[in-house]
Amino acid sequence: MSQESELRTVVERAYVERLDAWQTAAVRIKHWLKEQQKGLLKDKDISRLDVDGHRIKDAARTLAKLTEKFDEDPLLEVRDTDDVEDQIRDIVGVKVLCKSPRDQKMMFAALRDPEQLGSFDLIESRDYTNPPKASGYRACHVILRIPSDQGQPVFAEIQVKTRLQDAWSELTHEDMYKPGAAMKPSKLHGEFARAMANMLATVDDMADTLAVELTVLTDPEHELDPVALREQQSAIDVRVRATGPKYALAVDGSGRQGLIPAFAVRKLSEVKGTIKVNDFIAVDDRLRVSVEEDSKGLYYIPLELPRG
């Protein structure tokens, strides 16, 4: 039997024997990640992190990667299922998408924190954001070992990406150029892919800066500068378009949008400490507000809270 035939037989056996264990481990990781999401973003916008499903690597891809490893090291031995999993540790994969690089860093740090991992073991972590791969690929990868009730522990890879880093993979058709895939990257593809990655990274950094600025402006402890404010003489009516833990967004009759900050809601609620704006104000609520504007933005300060 040829080396390729032997490898194919071992890989096929691994997928028969271990598929259930891989699927179970993937579901367990996703549940754990969602708990991490809630803990890391307590009192914040939980959509900043999104556990984006899981995948079991196609058997043909696993075989292609093993074949590539054999080409690099002819003395490599792959005789059974354990050998397959030990050599290819990303058969089970889960992806976490982040709104911004700061959230990516936060999630990556949590995945390397022994206190957060509990019964999971950190095997390997790689930061491909600084510097990125030569192709332009950016992401943070973590390999974890997950205890299993169905035999040996399962290795799993968690990829932490910003949404733009993930979009890069789609825009460049990255899957088409991986080992064992249909196409080989041309010089033009490589140049375009790197240029697109750099442009998207710039947008990610800009979005991060804007997010930090918004956090400062909507912080419950933030106070508007009374000297810089230009207050309108009369109150107006606005409709709430969006709401979250730290602010709501409302629009007036002429289409101007303004922020309803947490500190203004907290004053009316008479609650001490941190509050969540969306506990008091909901989408489509109609509010009577005063208008305050400074160099940072336009604010709608509610005169009273909606009646529950």
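**Salt bridges and helix packing**

Aspartate 90 is buried, because its relative accessible area is 11%, under the 20% cut-off. Keep in mind as you explore that this is a predicted model.

**The pair around aspartate 90**
- Aspartate 90 forms a salt bridge with lysine 65, with N and O 3.2 Å apart.
- Lysine 65 sits in helix H2, while aspartate 90 is in the loop between helix H3 and strand S2, so the pair links distant parts of the chain, 25 residues apart.
- Lysine 65 has a relative accessibility of 27% and so counts as partly exposed.
- Lys57 joins Lys65 and Asp90 in a network of salt bridges.

**Other salt bridges**
- In total, the count comes to 15 salt bridges.
- One of them joins aspartate 103 and arginine 48, whose closest N and O atoms are 2.4 Å apart.
- Because aspartate 103 lies in helix H4 and arginine 48 in the loop between H1 and strand S1, this pair ties together parts 55 residues apart in sequence.
- Both aspartate 103 and arginine 48 are buried.
- Lysine 95 and aspartate 166 also meet in a salt bridge, at 2.8 Å from N to O.
- That pair links strand S2 with helix H6, 71 residues apart.

**Where two helices pack**
- Helices H1 and H2 pack at about 135 degrees, with axes 10 Å apart, and are therefore oblique to each other.
- Their crossing is right-handed.
- The contact includes Leu7 and Tyr15 of H1, and Leu63 and Phe70 of H2.
- The contact residues divide into seven nonpolar, three polar and one charged.

Note on methods:
Residues numbered from 1 in each chain as written. Predicted model: local features only at pLDDT ≥ 70, side-chain atom pairs only at ≥ 80, totals over all residues. Heavy atoms only, no water. Axes fitted to C-alpha atoms, helices over the stretch in contact; angles between N-to-C directions. Helix = DSSP H or I, 4+ residues; strand = E, 2+ residues; numbered from the N terminus. Parallel < 35°, antiparallel > 145°, perpendicular 65-115°, else oblique. Left-handed = near helix turned anticlockwise from the far one by under 90°. Contact = heavy atoms within 4.5 Å. Nonpolar A, V, L, I, M, F, W, Y, C, P; charged D, E, K, R; others polar. Salt bridge = Lys/Arg side-chain N within 4 Å of Asp/Glu carboxyl O. Buried < 20%, exposed > 50% of the residue type's maximum accessible area, 1.4 Å probe, protein only.
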